[in-house]
Amino acid sequence: MTEPQAARVQAQFGAAAEAYVACPGFATGDDLAQLIAWGRTPRPGRVLDVATGGGHTALAFAGLARRVTAVDLTEPMLRAAARHVRGAGAATVDFLAAEAERLPFRDEAFDLVTCRIAPHHFTDVPAAVRQVARVLQPNGLFLLEDILGHDDPDAAAFITEVERRRDPSHVRAYRASEWTDYLAAAGLTVTGRASMRRVRTWEEWTGMTRMAAAAKAGLERFVLGAPAAARAAFEFKISGDRIESFSDGMILLRARKN
Ligand SMILES: C[S@@+](CC[C@H](N)C(=O)[O-])C[C@H]1O[C@@H](n2cnc3c(N)ncnc32)[C@H](O)[C@@H]1O
């Protein structure tokens, strides 16, 4: 990862760590339930949660696995996640600062790896996927969830600009075909897929990243002035000049190491 992107991630998430721990959209949801359902059988011994954020996926898997290791690039986020997970009574989760693109573990160290709603911040997603494959044991499972990239280039460019204005550490979301290619190239075969739509309430979504008032106003002007087709692709709900919500797709994949 280049230094500027790592620094952008750390600045963004370091300042918002407690908000991510407290956010109900990360703490629960049908998406997390789907990952758990996929990871339940066979019961995993050693789980790695990459880019753990507020630790919600690590905590969910602590109920299933013998040991969970949670890594993240942002140390204040790791500290907040550790307080949250230990406060919830889970004593089998270890926290470690590490980049997805350079995982500090031996080959085949884990039975299952999770990575939920984070790769759109990575500089080098194929490298991160190769690292996941390296640390998985043969037949091990990778459970991945992220924002789904839009197939239409204009819609994708519009939402990437919206996301980056709200959070400068957003790189981009990847299309389903890109994910399939990255996984196959790393020796991982897709064995399950699901998609979900997630509604974002505008005030809550912009509030999470503590946008300055002027930046938020600029983002709203950008959305309101965008072509109607771009807004329609993400179901923007607008009342007068007030943006109420929009929705985006999420992709969930289960892949097995060959
Ligand atoms: C939205 S949060 C993840 C949510 C979390 N996985 C969950 O289930 O609640 C995104 C996290 O990715 C981390 N991150 C971003 N780029 C990273 C990288 N290259 N390596 C490791 N962590 C990274 C950020 O520090 C942040 O904590």
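Trainee: Which residues in helix H7 are buried?
Mentor: This is a predicted model: local features need pLDDT of at least 70, side-chain atom pairs count only at pLDDT 80 or more, and totals for chains, interfaces and linings use all residues. Residues are numbered from 1 along each chain as its sequence is written, and side-chain values use heavy atoms, without hydrogens and water. In H7 the buried residues are Val125, Ala127, Ala128, Val129, Gln131, Val132, Ala133 and Val135.

Trainee: Which elements do the buried residues of H7 pack against?
Mentor: Eight of the 11 residues of H7 are buried, so the rest of the structure largely encloses this helix. Strands are DSSP runs of E, at least two residues. The buried residues of H7 pack against H9 and strands E1, E4, E5, E6 and E8.

Trainee: Is H7 parallel or oblique to H9?
Mentor: H7 (residues 125–135) and H9 (residues 176–185) pack at an angle of about 45°, with their axes (lines fitted to C-alpha atoms over the stretch in contact) 9 Å apart. Angles under 35 degrees count as roughly parallel, over 145 as roughly antiparallel, 65 to 115 as roughly perpendicular and the rest as oblique. That angle therefore makes H7, relative to H9, oblique.

Trainee: Which residues of H9 meet H7?
Mentor: The contact (heavy atoms within 4.5 Å) has six nonpolar residues, no polar and no charged. Val125, Pro126 and Val129 in H7 meet, in H9, Trp179, Tyr182 and Leu183.

How values were computed
Axes fitted to C-alpha atoms, helices over the stretch in contact; angles between N-to-C directions. Helix = DSSP H or I, 4+ residues; strand = E, 2+ residues; numbered from the N terminus. Nonpolar A, V, L, I, M, F, W, Y, C, P; charged D, E, K, R; others polar. Buried < 20%, exposed > 50% of the residue type's maximum accessible area, 1.4 Å probe, protein only.
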